[in-house]
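This briefing covers pockets and helix packing in one protein model. Please view the sequence and structure below before reading the points that follow.

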Amino acid sequence: MRPPVFYWFLKFIALGPLLKVVFRPRAEGLENVPSSGPAILASNHLSYADWLFMPLVIPRMVRFVAKAEYFTSPGIKGWLQKNFFSGTGNIPIDRTSGDAASGALVSAKRVLAEGELFGIYPEGTRSHDGRLYRGKTGIARLALETGVPVIPTAVVGTDVVAPPGKKFGRITRPTVRFGKPLDFSRYAGMENDRFILRSITDEIMYEIMRLSQQEYVDMYASRAKAESKKADNAEGEHRKLAS
C-alpha cells in the first residue's frame with residue numbers, strides 16, 4: 001500500500017508547516033512509536049482536529065478507515081471527496097464483509113498486514129463533553145487477530161482548537177502523548193471470548209485515561225450523546241411551558 005503523494009504534500013508543504021507555526025503542537029513519548037512495522041495507535045477522540053495533529057507529530061503515515069460513501073459518491077463533489085480522503089491516507093470500510101464494524105476490521109487488518117500504522121478511536125465517536133467514554137471491543141479483536149502492539153495515545157487541547165459543534169475555537173497548543181506499547185500475546189487464540197475482549201479494551205482505555213487525564217465514564221459515547229440531547233430537549237420544552 002504505497003503512501004499517496006498528496007498525503008506528504010499536505011504534511012510537509014501545504015498544511016503541516018502552517019499548523020506547526022500557528023499551533024506549535026507538542027509530542028511526548030515519540031520513542032514508543034516504532035520507526036517501522038505495524039502498530040495500532042488507539043486514541044481518545046475530542047475533536048475532528050484529532051486526525052490532523054496526531055499524525056502531524058510523527059514522521060510516519062497513519063491510516064484511518066472512513067465511510068465507504070466518501071469514496072463512492074457520484075459527481076464532481078464525489079470525485080473531490082474521494083481524492084481528498086484517499087489522498088490523506090484514509091481507506092474505505094470494506095463493505096463486502098457485511099456490517100460496518102466487520103468491514104472496518106477487514107480494512108484495518110489489510111493496513112497492518114502492509115506493515116503500516118493504523119489509527120483508531122475506540123470510543124467510536126467524538127466525546128461531546130470532554131470526558132473519556134467506554135471503548136468498543138473491536139480494538140481488542142483487531143489486536144488479537146493481528147498480533148501487533150497497541151500504542152495508547154492521548155490528544156489534549158484539540159477540543160479547544162475545534163470544540164464539539166463548532167468548526168473553529170481558539171488557538172492553543174495541542175499535546176499528543178504516546179504511551180508504551182501494550183502486548184496482548186498472552187491472550188492469543190481467545191479473540192472470541194467476549195470477557196477477554198472487554199478486559200483488553202478496558203486496559204487500553206485505562207492507559208488512554210492515564211495519558212489524557214480525562215474523567216472516565218463507563219458508558220458508550222453514543223449513548224451518552226443521545227441522553228444528553230434528550231435531556232436538553234426536555235429542558236427546552238420545560239422552558240417553553242414555563243414562559
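Helices (H or I, at least four residues) and strands (E, at least two) are DSSP runs, numbered from the N terminus. The model is predicted, so that local features need pLDDT of at least 70 and side-chain atom pairs count only at pLDDT 80 or more, whereas totals for chains, interfaces and linings use all residues. Residues are numbered from 1 along each chain as its sequence is written, and side-chain values use heavy atoms, with hydrogens and water left out.

**Largest pocket**

- The largest pocket has a volume of about 1,200 Å³. A pocket is an open set of points on a 1 Å grid over the protein atoms alone, where a 1.4 Å probe fits, with protein on both sides within 12 Å along at least five of seven lines; lining residues have an atom within 4 Å of a point.
- Its lining comprises 35 residues, of which Val65, Ala66, Ile93, Tyr121 and Gly124 are the closest to the centre.
- At least two lining residues come from each of strand E4 (65-66), H6, strand E6 (117-120) and H7; H6 gives the most, with 6 residues.
- By class, this lining has 20 nonpolar, 8 polar and 7 charged residues. Ala, Val, Leu, Ile, Met, Phe, Trp, Tyr, Cys and Pro count as nonpolar, Asp, Glu, Lys and Arg as charged, and the others, Gly among them, as polar.

**Second largest pocket**

- The second largest pocket holds about 270 Å³ of space. Among its 16 lining residues, Tyr7, Leu10, Leu15, Trp51 and Leu52 are the closest to the centre.
- Helix H1 (5-14), helix H2 (16-23) and helix H3 (50-56) each give two or more residues to this lining, and H3 supplies the largest share, 4 residues.
- The lining of the second largest pocket divides into 11 nonpolar, 4 polar and 1 charged.

**Packing of H7**

- Helix H6 (residues 100-113) packs with helix H7 (residues 138-146) at an angle of about 40 degrees, with axes 11 Å apart. Axes are lines fitted to C-alpha atoms, for helices over the stretch in contact, and angles run from 0 to 180 degrees between N-to-C directions.
- H6 and H7 are therefore oblique to each other. Angles under 35 degrees count as roughly parallel, over 145 as roughly antiparallel, 65 to 115 as roughly perpendicular and the rest as oblique.
- The axes of H7 and helix H9 (residues 194-212) come within 8 Å and cross at roughly 105 degrees; H7 and H9 are therefore roughly perpendicular to each other.

Note on methods. Points joined across faces, edges and corners; volume = space filled by probe spheres on them.
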